[in-house]
Structures are given as structure tokens and as C-alpha cells.
Amino acid sequence: MDGQGRVLLNNELREYAGMDKRVALVGQGHKFELWSEESWSSSRDIWLEEANQPDSELSEELQNLAL
């Protein structure tokens, strides 16, 4: 991180991850992930669709979780 709290990534990493101007910062417990906004949105939509299937393996607690 730089002095203003920005995360600095070199060109090779940004190209590999397909990152442009807009990214998603996703918290994962004790770590975080940076995704391209487009990749995150499409992956999130797929995961949510899978989780909402009738044969989903989520526990009742997770099914009732609301943020």
C-alpha cells in the first residue's frame, strides 16, 4: 500500500487479472481479494444462482442469513 492507502499492482498482475479502472475488493475472513468488477459480478451471479437451486446443500442457518 502507498501512503494514501492505495493498493499498488504492477502491470503484469493487472493484465493477468483483467483489471481496468473499476475493481471489487472482497473480504474473505483474514484476507481480501481484488477482482475485476466484471469478473466479480458475473461470478457472483453464478454463485447466487447455484445457491438458490432447490437442491442446494446450504444449512438452514445459511439459508436464513441476511446482510
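Select Arg-22 and Glu-37 to start: they form a salt bridge, with the closest N and O atoms 2.9 Å apart. A salt bridge here is a side-chain nitrogen of Lys or Arg within 4 Å of a carboxyl oxygen of Asp or Glu. This pair links distant parts of the chain, 15 residues apart: Arg-22 sits in the loop between helix H1 (11-17) and strand S1 (23-28), and Glu-37 in helix H2 (residues 37-51). Helices (H or I, at least four residues) and strands (E, at least two) are DSSP runs, numbered from the N terminus. This is a predicted model, in which local features need pLDDT of at least 70 and side-chain atom pairs count only at pLDDT 80 or more, while totals for chains, interfaces and linings use all residues. Residues are numbered from 1 along each chain as its sequence is written, and side-chain values use heavy atoms, leaving out hydrogens and water.

Stay on the pair. Arg-22 is exposed, at 58% relative accessible area, while Glu-37 is partly exposed at 33%. Buried means under 20% relative accessible area, exposed over 50%, and partly exposed in between (1.4 Å probe, protein chains only).

Next, select Asp-2 and Arg-6, whose side chains meet in a salt bridge (2.6 Å, N to O). Arg-6 is partly exposed, at 46%.

Now show S1 and strand S2 (residues 31-36), which pair in the antiparallel sense over 6 bridges. Two strands pair if DSSP finds at least two bridges between them. Pick Ala-24 and find its bridge partner in S2, Trp-35. The hairpin of S1 and S2 has 2 residues between the strands, and Gly-29 takes a positive phi near 70° there.

Last, select Lys-31 and Glu-33, a salt bridge at 3.9 Å, N to O.
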